[in-house]
Amino acid sequence: MESLSGLWNRILSDDAAFLAVKTLVLLLVTVGALMGGVSVMTWVERRLSGVMQFRLGPNRVGPFGLFQPIADGIKFIMKEDIVPADAHKPLFVLAPAMSLVPALAAFSVIPFGPVVEAWGKKIGLVVIDLDGGLLYAFAIASLGVYGIVMAGWSSRSKYSLMGGLRSSAQMVSYELALGISVIGVLLVSGTLRPMEIVERQAGWFWQSWNVFGGGWQILGFLVFLIAGYAETNRLPFDMPEAESELVAGYHTEYSSMKFAMFFMAEYINMMTSSALLVTLFLGGWQLGFPVPFTGWTLWVLQILAFLVKISFFLVLFVWVRWTLPRFRYDKVMALGWKRLFPLALANVFVTALVVALR
Amino acid sequence: MATLAFFVLAVLAIVSAVVVITHRNPVISAMALAFNLVSIAGFYLLLQAQFIGLLQILVYAGAIMVLILFVVMLLNLRHEPASHRGGLQRWLAILLTAGLVYVLGRAIWTEHAAFPAAPAGFGTVENVGQALFRENFYPFEVISLLLVAAMVGAVLLAKRRL
């Protein structure tokens, strides 16, 4: 035991070693939370859709069917892994990973809690506290489209190819509206570092959160919310899948764990999108009201606040999916370019004017 | 550490660049180009130019390459036999490449000791913003005007009937 505590003291005294250990621990926590979140979300999605369609949903495995994700996981692993004879094999195998890795990596700049103090050091609860963190999130998330496009192309099936083509057009188009809707927040905050953006939003929520008094970014918030649905390929914009026209779109030919990886990527993208929305517009881990606590009680409450806010938007994702019908493809593109894009630009102009005159 | 990262990135960048021009399949070429662009972004990060590195991924790998890939997939090119390899063009290409290698190599060889180290805060979002919007404000605005003109021109050419 003494050698262990000796090692720990050595790590504490060495800044570089401490940084490495801290980053590794935060990384493991984040990836673990995301993977756990995926399994919880599959259960939530199926149970909620059951409620909305007057049926039960999975309720057999464990209490309330809570162990259903474990059963699903085992099922995915046991299923036969089929690669179509005509497929371009290297890319067909690589595509699910190219979809999942950016989804996981993009989350690493999002602060899930405040800067805590432990062992005499200040530790920000974010995997990497990057100066251009927000830019990093968008840059990495924009690489996720390659997984879908490659899956569509390498399958050598016309449905998959159509799904891949649609996704590349749709995701590039909505990325513009998404990116520009954020500029308003950046103008108000004056920084690209997510931790600072959140720290600026301390205090009562109607005075400080960027969507309310902190910057009146209501328009930006709405554009980001809608574009987020398109970027994550969720209904009403799930053109790349569109099962009534394209069988299952880009992952038609995928089975077993490869299909599960696309599935996980979609859910992790939903979480990243919700987390970005919360961080930028809704105060991130800020509670939104003063509480008479300090220290660890406050920090735990703030982490919980972040989780509650994300959960709200995740449930909204499910809610919207089972409520709204799918858009027609040309209408999706028209909405992105002719409605959301000008609205986001108008938001930038108005915000810039207000900030300049302030 | 930085030297090791440099050599890994250099190998990745060169191999992917060779794949871009040698592979028969245009989709593989496009993917290799995307890979090449990401490894170039790695070089920017090594040179402390964080902002430009991230923009390189966001703009080139994330948007422009996806559009190129979109067009390649839409055209649905079959395996094309190696046909147009004109004699003059080939020799001209070799000559120009040799010239470029000579000029760049000489510049690096003679000047590499004179390169200053990056000043503190170099390449952060703030410093790039200061450089663009204060020190080089007018050239920046002229370039953006040029880009808008090019975009309007492209739309007009592609869409005769507006």
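Modeller: Terms first: angles under 35 degrees count as roughly parallel, over 145 as roughly antiparallel, 65 to 115 as roughly perpendicular and the rest as oblique. This is a predicted model, where local features need pLDDT of at least 70, side-chain atom pairs count only at pLDDT 80 or more, and totals for chains, interfaces and linings use all residues. Residues are numbered from 1 along each chain as its sequence is written, and chains are lettered from A and ligands numbered from 1 in the order in which they are written.

Colleague: At what angle do helix 4 and helix 12 of chain A pack?

Modeller: About 25°, with their axes 8 Å apart. Helix 4 covers residues 89–106 and helix 12 covers residues 256–281. The two are therefore roughly parallel.

Colleague: Which residues of helix 4 of chain A meet helix 12 of chain A?

Modeller: Among them are A:Pro96, A:Leu100 and A:Leu104. Their partners in helix 12 include A:Met261, A:Phe262 and A:Ile268. Contact here puts C-beta atoms, placed from the backbone, within 7 Å.

Colleague: Switching topic. How many residues does each chain give to the contact between chain A and chain B?

Modeller: Chain A gives 20 residues and chain B gives 18 residues. Helix 7 of chain A supplies the largest share of chain A's side, seven residues.

Colleague: And which residues are buried in helix 13 of chain A?

Modeller: A:Phe306, A:Ile310 and A:Leu314 are among them. Buried means 20 or more other C-beta atoms within 10 Å of the residue's own. The buried residues of helix 13 pack against helix 2 and helix 12 of chain A.

Note on methods:
Axes are lines fitted to C-alpha atoms, for helices over the stretch in contact, and angles run from 0 to 180 degrees between N-to-C directions. Helices (H or I, at least four residues) and strands (E, at least two) are DSSP runs, numbered from the N terminus. Two residues are in contact if their C-beta atoms, placed from the backbone, lie within 7 Å. A residue is buried if 20 or more other C-beta atoms lie within 10 Å of its own, exposed if 12 or fewer, and partly exposed in between; C-beta atoms are placed from the backbone.
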